[in-house]
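Please look over the sequence and the structure before reading on.

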Amino acid sequence: MEEKNRFVIWGRNPIIEALKAGKSIEKILMAHDTHLPKELIRLAEKNKVKIQKVPRKKVEEIAGTKKTQGVVALLSPIQYWNDTDLIDEVIEKEGVLLVMDHITDPQNVGNMIRTAEVFGVNGIVIPRERSSPINEVVVKASTGAVFHIPITKVGSLRQFLERFKKKGGWVMAVEKGGKPIHKLSFPFPLAVVLGSEGKGVSKSVMDTADLVATIPMKGKVTSLNVSSATAIALWEVAKQHWIE
C-alpha cells in the first residue's frame, strides 16, 4: 500500500473482520452502484460507524486499486475512549476538556489537539457527524499529540455536555458577546467549547453553556482562525488551572 493509504482497508470481508475485531473505523464509503452484505451493515450500526455513498471512482481512488468490491473503510490511527470513562476521568481530576463543535478542517483539528496536549488538557470531544476524521493530516498537524491525549467521539455534543454537567462539570463556550476571557474566573472541571469558523458554537451547545468567554480584539479583522482562538483560550485556562 502507498503511504497515503496506511489507514485504509477495502473489500467486504476485511471490513467485516475489522468491525468484528472492534477496530476504530472513522467511516465506511460504499459505491453508489454496489450492495453491502447485511452483516456488514449490522456491524457498522452496532459499532456506530457511518456508511456514506460515494461514486465508485472515489472508492477506488482512496483504496488505490479497482479491486475494492465497491467498499472502503477509513481506519482511525487511534483508539477512541469511551465517553463515560472520559467524563469520570475529567471530573475526578477536576480537569479540562476541549470540545470541538463541528470543526471540519483536519489542519485545524490537528493544531487544536497539539495545543490541548501542550496545555495539559485532559481529553478531547468531537462529534461523529460534520467533523474532520482523525486521519494522517490530523496526526501530522498535531505532531503526534493525538497519541498522548484521550479523544472520544459522541453522537450528540449537547447530550454529552449535559451528562458532564450532571456529574459536576461546567461548560464554557468561546464565542462573541460574552465576558472578556482574561477577566473570568474559571470553574473546574471545565469543558471549553470552540465552534467552526463562520458558524461558531452551535445553538444547542450554547444552551448548555454556564459561561461565555470572548477573546477581545482590536484590529480591523474581527475574527481569529479557530486553532489560534483555541490556543488563546486554553492558555488563559491553563494559567488558572495549573500554572499559577
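## The largest pocket

β2 gives the most to the lining of the largest pocket, with 3 residues; strands are DSSP runs of E, at least two residues, and helices runs of H or I, at least four, each numbered from the N terminus. A pocket is an open set of points on a 1 Å grid over the protein atoms alone, where a 1.4 Å probe fits, with protein on both sides within 12 Å along at least five of seven lines; lining residues have an atom within 4 Å of a point.

The volume of this pocket is about 710 Å³. It is lined by 27 residues, and I25, N47, K48, R128 and K153 are the closest to its centre. Two or more lining residues come from each of β2 (25-31), β3 (50-54) and β7 (151-154).

## Basis of the model

The model is predicted: local features need pLDDT of at least 70 and side-chain atom pairs pLDDT 80 or more, while totals for chains, interfaces and linings use all residues. Residues are numbered from 1 along each chain as its sequence is written, and side-chain values use heavy atoms, without hydrogens and water.

## The nonpolar cores

A nonpolar core joins buried (under 20% relative accessible area, 1.4 Å probe, protein chains only) Ala, Val, Leu, Ile, Met, Phe, Trp, Tyr and Cys residues through side-chain atoms within 4.5 Å. The largest has 39 residues, and I113 and M172 have the most contacts inside it. Elements giving two or more residues to this core include α5 (106-118) and β8 (170-180). The largest share, 6 residues, comes from α9.

Beyond four places in sequence, M172 is in contact (heavy atoms within 4.5 Å) with residues including I181, F186, L211 and V237.

Note on methods. Buried means under 20% relative accessible area, exposed over 50%, partly exposed in between (1.4 Å probe, protein chains only). Grid points are joined across faces, edges and corners, and a volume is the space filled by probe spheres set on the points.
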